[in-house]
Amino acid sequence: MSKEIKVIYFTDNGEKLANELLGVKGFSFEWEKDNSLKEEYVFSLWEKDQSLIDCCRDCFAQGLPMVFIGAAGIAVRTIAPFLKDKLKDPPVVVMDDKGLNVISLVSGHYGGGNKLAVYLAEELKANPVITTATDINGAFSVDVFAKERHLDIINRDGIAKVSTKALSGKPITLSIKDYPPKNPVDVVVENQVKNDGTINLKGEVASIVNEGIVAGIGCKKGKTSEEILELLQNSLAKIGKDISQLSAIATIDIKEKEEGLKEISKLYSIPLISFDKDVLSKVEGSISTSDFVKDTVGVDNVCERAALAAVGKEGGLLLEKQAMNGVTVALACNERTNTIYVVGMGPGEEGKMTLEARWVLNKVDVIVGYTVYLELLKEKYGHKEMLSTPMKQEVDRCRMCFEEAAKGKSVAMVCSGDAGIYGMASIMYEISQEYPGSWDIDIVPGITAATSGSSILGAPLNHDFCVISLSDLLTPWETIEKRLRAAAEGDFAIALYNPSSKKRKDYLQRACDILMEKISPETCCGYVRNIGREGTETKICTLKELRAEEVDMFTTVFIGNTQTKIINNKLVTPRGYRI
């Protein structure tokens, strides 16, 4: 199996050198002594009918290494928009067009850029230019160490801390054994061989685990692997995963010798990581606490703290603490950087938020949103930095997200209901054009008022339906009228958002009058106020009766079609099944 290393050149001398590279034998980034599994890369030339920008974009998207033959400045300016993550960006190497120097420019350690530069220098009898401090000083490099063993580094700030200690000759605590279990690895650090059964991380170290889901596990003494597995597998199933997708098990150090945990680690080839209580106590996030657990093991929560410690500051909980028969499990995952989240928080009640929404809100540094929505989140996420703007300042709110993200913070914009249904998703994409760069916008769906409200009333939207907002703040009333008439003509069930306000007291009446031009005044209708919040109110009525009701901005109105009926005081629109 082979992949490409794209060679980019600009001059006649560069073309000659590029063609010379085509004759160089396949290169591998693998460090394995057994080359039977290595993946070889072959050199291929940039096709000039493709723009240079498009070529670089494709290489970054596919993770393909690049060799620029020409000035380093050209390479820097070309790849700058695509740089996102030092642990995920492909390596980029620069050569002058006489082949005198080969410079490792990007992803020197983890991506293998240094190795590629040295390899090319040897093949072309050139001078390799390596600038990473640990290499030129012959010091221990934690990211090279991780790459050699097919491990991923989760908390990136740990790399600098470990490198600083290595360069200054200070001790580094890092031990690993039997990972993967069928290929034991002895690690030499501080001139010591560590081979003591688990990865044990203490102090300022880089958390090293396979990228993906980590299970934090706490258990009473003597719990069997079967007892632990039952809750672990049930927990994974709740997020649609299974144990094959688990990258590590994390716990407190006093539990690392539990036979049940060790058996699961060995049986499924999953590394077992342990943290001491001092490390766990410093983990930040929305964590459930227990005085009993703290009195027993010295820290108020084992499973959530251990899972979060393993994935680092860029990660968050996928599933909060689950408990059964003396075992606790929490699931966490790391996530890409340079992402701004737009989160649909549903009605605001935690139980009606998606797991993904709760995970994101747990992991971000800053939550931005309308004041009313932030108040709903304060009980659970009040320890976070929260930023707000009043109504009608949505544009400013979006810009605030990018400005906070530019400071290096992880940011979530929250919307009630679903972010993509009368939410902030579209405007965030529009505002993103003012902030060119490597920002990703991740839309996290939520339960919108149409679905949460209809579930309270019964099943009024069980057949074809449409959603119409009566707010003319951003949409002309003439357009709203056209949509109402079209919905009535098409016999759609209808969900009405923003049916009334202090300045629009008669808008629901006007909408009912328009609808009654086409549909019967006896059509079954209903509404829900304060969906999923304190003081929820509901009413089922006819369209004629609905016209006289007083509603507000926190009310969602449901208007049935010609088939909608009332069954056991519930509003039901049949799907058409024969019963």
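Phenylalanine 402 touches Ile340, Met428, Ile431, Ser432, Tyr435, Trp439 and Ile441, with residues up to four places away in sequence not counted. Contact here means heavy atoms within 4.5 Å. The model is predicted: local features need pLDDT of at least 70, side-chain atom pairs count only at pLDDT 80 or more, and totals for chains, interfaces and linings use all residues. Residues are numbered from 1 along each chain as its sequence is written, and side-chain values use heavy atoms, with hydrogens and water left out.

Phenylalanine 402 is found in helix H15 (residues 394-406). Helices (H or I, at least four residues) and strands (E, at least two) are DSSP runs, numbered from the N terminus. At 1% relative accessibility, phenylalanine 402 counts as buried. Buried means under 20% relative accessible area, exposed means over 50%, and partly exposed lies in between (1.4 Å probe, protein chains only). Tyrosine 435 is 33 residues from phenylalanine 402 along the chain, and their C-alpha atoms are separated by 7.3 Å.

An open sheet is formed by 5 strands in the order E24-E25-E28-E26-E27, with mixed pairing. Strand E24 (465-469) and strand E27 (537-542) stand at the edges; each has a single partner strand, so one side of each is left without a neighbour in the sheet. From one strand to the next, the twist averages 15°. Two strands pair if DSSP finds at least two bridges between them. Strand E26 (residues 524-529) and E27 run antiparallel and are joined by 6 bridges. Cysteine 525 has cysteine 541 in E27 as its bridge partner.

Helix H17 (residues 449-457) packs on this sheet. Helix H17 touches E24, strand E25 (493-497), E26, E27 and strand E28 (555-559). The direction of H17 makes about 70° with that of E28. Axes are lines fitted to C-alpha atoms, for helices over the stretch in contact, and angles run from 0 to 180 degrees between N-to-C directions. Serine 452 is found in helix H17. Its relative accessibility is 6%, so serine 452 counts as buried. Serine 452 touches Pro347, Ile447 and Ile531, not counting residues up to four places away in sequence.

A pair of aromatic rings is described by the distance of the centres and the angle of the planes. Rings of Phe, Tyr and Trp (its six-membered ring) pair if their centres lie within 6.5 Å; planes under 30 degrees apart count as stacked, over 60 as edge-to-face and the rest as tilted. By this rule the count is 5 aromatic pairs. The rings of phenylalanine 60 and phenylalanine 82 have centres 5.9 Å apart and planes at 35°, so this pair is tilted. The pair links distant parts of the chain, 22 residues apart. Phenylalanine 60 lies in helix H2 (residues 52-62), and phenylalanine 82 in the loop between helix H3 (72-79) and strand E5 (92-95). Phenylalanine 60 is buried at 12% relative accessibility. Phenylalanine 82 is buried at 13%.

Tyrosine 422 and tyrosine 497 form a tilted pair, because their ring centres are 5.0 Å apart and their planes are at 45°. This pair also links distant parts of the chain, 75 residues apart. Tyrosine 422 is in the loop between strand E21 (411-415) and helix H16 (425-432), and tyrosine 497 is in strand E25. Tyrosine 422 is partly exposed at 48% relative accessible area, whereas tyrosine 497 is buried at 9%.

Arginine 510 lies over the face of tryptophan 477, at 4.5 Å from the ring centre. Arginine 510 also lies over the face of tyrosine 507, at 4.7 Å from the ring centre. A charge sits over a ring if NZ of Lys or CZ of Arg is within 6 Å of the ring centre and within 35 degrees of the ring normal.
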